[in-house]
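Open the model in your viewer and keep the selection tool at hand. This tour goes stop by stop.

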Amino acid sequence: MHDFKYKKNELFCENTRISTIAQQVGTPFYLYSYKTLIDHLTKIKKAFVEIDPLICFAVKSNGNMAVIKALANKGAGCDIVSGGELKKALKLKVSPKKIVFASVGKKEEAIALAIKSGILLFNVESVPELEVINAFAKKADKKVQVAIRINPDVEAATHHFITTGTLKNKFGIDLQSTRDLLRRQKAYSHIEINGLHIHIGSQIVNSTPFINAIKKVVGFVNDLRQEGIEIKYFDIGGGLGIIYKDEKPQTAEDFAQNIIPYLKKTGLKIIMEPGRFIAGNAGIFVTKVLYLKDNGFKKFLIVDGGMNDLIRPSLYNAYHDILPVKKTSSKKITVDVVGPVCESGDYFGKERALPKMVRGDLLAVMSAGAYGYVMSSNYNARPRVAEVMVKGNKFAIINEREKFNELIKRERIPDFLK
Ligand SMILES: *Cc1c(COP(=O)(O)O)cnc(C)c1O
């Protein structure tokens, strides 16, 4: 499932000793396993081989260009949500025909660039957006393909911050309005509404909500056909859950077996947008122990990484396994692993059993490859950390640690303060 394993009490990424990387790169840093990334992509490809979907990696889960490149080299496309992500994909020469663009708030500049570069599909989330895309397409004298993001109104049992498929959320268009849009699509001279899109949430560990949503859409596609409305694409989104702690998520194969029968019947070209499933367990966050603090009531392991580097525990109350990079003794103590940021919410794990550690020891915060670095900030004037990729016994810095000068280079003192 992933390639972070102990060899003689030392944690390795593939065949590379993590402590060696820390020595050369400094801490904290994100570390990705090339092999795990590709293995996860391959799992999905194999499970769905029968219907040969276009797999568009959700760039927002991990936007490092080396990560995108690794996956694109193996045939993946990109699911993007902004002009910045589009520019990254284009810079890497990802074929525009493998790029799909979602977001409730697509900006004009991004829409124009997406039309100019000829992306496969805009996943449209509202009527006003459709109108703007139509106007820009007209200006560019191009006909663009659009999929309507449907809000299937299904509840996915996941964190309320990451459920997206109910009408309480801002995402997508309800079925009735989508039907109306399709009926009057001629009103949009430069748009071809050629697909339907769903994305019902993230970290979904059981297939039922997916199946319910897909069944709804399949029924809808049949209704449309009866009316003589044909489409070409069905983009089923991402959201596949992974193991952080003791979850028992559906495997790619279970998932495939459950939904392929429905998808096949539609005869539509299927698009998938996995993010977390590919990147989540392919990355870890490595941090160093600064202090062991015992206030008589509780023990705290204070580390050099903070919530600005990896916000998932603070934001979602998310669980991440925390492992010592070197297993020193088997005797364990119970500690809260916390960062240096001035917020009580700045923690990686609470009441964790870890071997007694000393200043300078390294910890690995596991399953940090998705929604990790991409959500990091400069809070507390902390420079963003480095990102490293391992392949076999080689490693490379794929994003340099931010320098103090870079942190302040856009700040200005106005004349009236001089
Ligand atoms: C975030 C997102 C994804 C990826 O979700 P994961 O849970 O990481 O698989 C896919 N599609 C859309 C439209 C998204 O917003």
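Two strands count as paired if DSSP finds at least two bridges between them. Keep that in mind for a model that is predicted.

**Stop 1: strand S16**

Select residues 332–338, which form strand S16. This strand is mostly covered, with five of its seven residues buried. Which residue of S16 is the bridge partner of Phe-300? Click on Asp-336 to see that partner.

Pick Val-337 and look across to S17: Gly-349 stands opposite.

**Stop 2: strand S18**

Move to residues 362–365, strand S18. In a regular strand, side chains alternate between the two faces of the sheet. Show the side chains here. Leu-362 and Ala-364 are on one side, Leu-363 and Val-365 on the other. Are these four residues buried or exposed? All are buried, and both faces of S18 are covered.

Now bring in the neighbours. Strand S13, residues 283–294, pairs with S18 in the antiparallel sense over four bridges. Within that pairing, Lys-288 has Leu-362 as its bridge partner. Strand S15, residues 322–324, also pairs with S18 in the antiparallel sense, over three bridges. Find Ile-322 and you will see Val-365 of S18 opposite.

**Stop 3**

Follow the chain into the loop between S18 and S19, and stop at Tyr-371. Most residues other than glycine have a negative phi. Tyr-371 has a positive one, near 55°. Tyr-371 counts as buried because its relative accessibility is 11%, and the cut-off for buried is under 20%.

Go on to Val-374, in the loop between S18 and S19. This residue is partly exposed, at a relative accessible area of 36%. Draw a distance from its C-alpha to that of Lys-43: the two are 24 Å apart in space and 331 residues apart in sequence.

**Stop 4**

Select Lys-45, Lys-74, Lys-391 and Lys-394, which gather in a patch of positive charge. Lys-391 lies in strand S19, residues 386–391. At 48% relative accessibility, Lys-391 is partly exposed.

For a nonpolar patch, select Ile-413, Phe-416 and Leu-417; they make about 400 Å² of surface. Ile-413 sits in the segment after helix H12 (404–408). Ile-413 counts as exposed, with 56% relative accessibility.

**Stop 5: the three-strand sheet**

Jump to an open sheet of three strands, ordered S1-S2-S3 with antiparallel pairing. S1 (4–7) and S3 (16–17) are at the edges, each with a single partner strand, so one side of each has no neighbour in the sheet. S2, residues 10–13, is joined to S3 by two antiparallel bridges. Select Phe-12 and its bridge partner in S3, Arg-17.

Between S2 and S3 there is a loop, and Glu-14 is in it. What is the phi of Glu-14? The value is positive, about 50°, although Glu-14 is not a glycine. Glu-14 is buried, with a relative accessible area of 12%.

**Stop 6: a cis bond**

Most peptide bonds are trans. Select Thr-27 and Pro-28, which are joined by a cis peptide bond with omega of about -10°. Pro-28 lies in the loop between helix H1 (18–25) and strand S4 (29–33).

Methods. Residues numbered from 1 in each chain as written. Predicted model: local features only at pLDDT ≥ 70, side-chain atom pairs only at ≥ 80, totals over all residues. Heavy atoms only, no water. Buried < 20%, exposed > 50% of the residue type's maximum accessible area, 1.4 Å probe, protein only. Patch = residues over 30% accessible without salt bridge, like charges linked within 9 Å, V, L, I, M, F, W, Y side chains within 5 Å. Areas by Shrake-Rupley, 256 points an atom, 1.4 Å probe, with all protein chains shown as cover. Salt bridge = Lys/Arg side-chain N within 4 Å of Asp/Glu carboxyl O. Lys, Arg positive; Asp, Glu negative; His and termini not counted. Charge placed at Lys NZ, Arg CZ, Asp CG, Glu CD.
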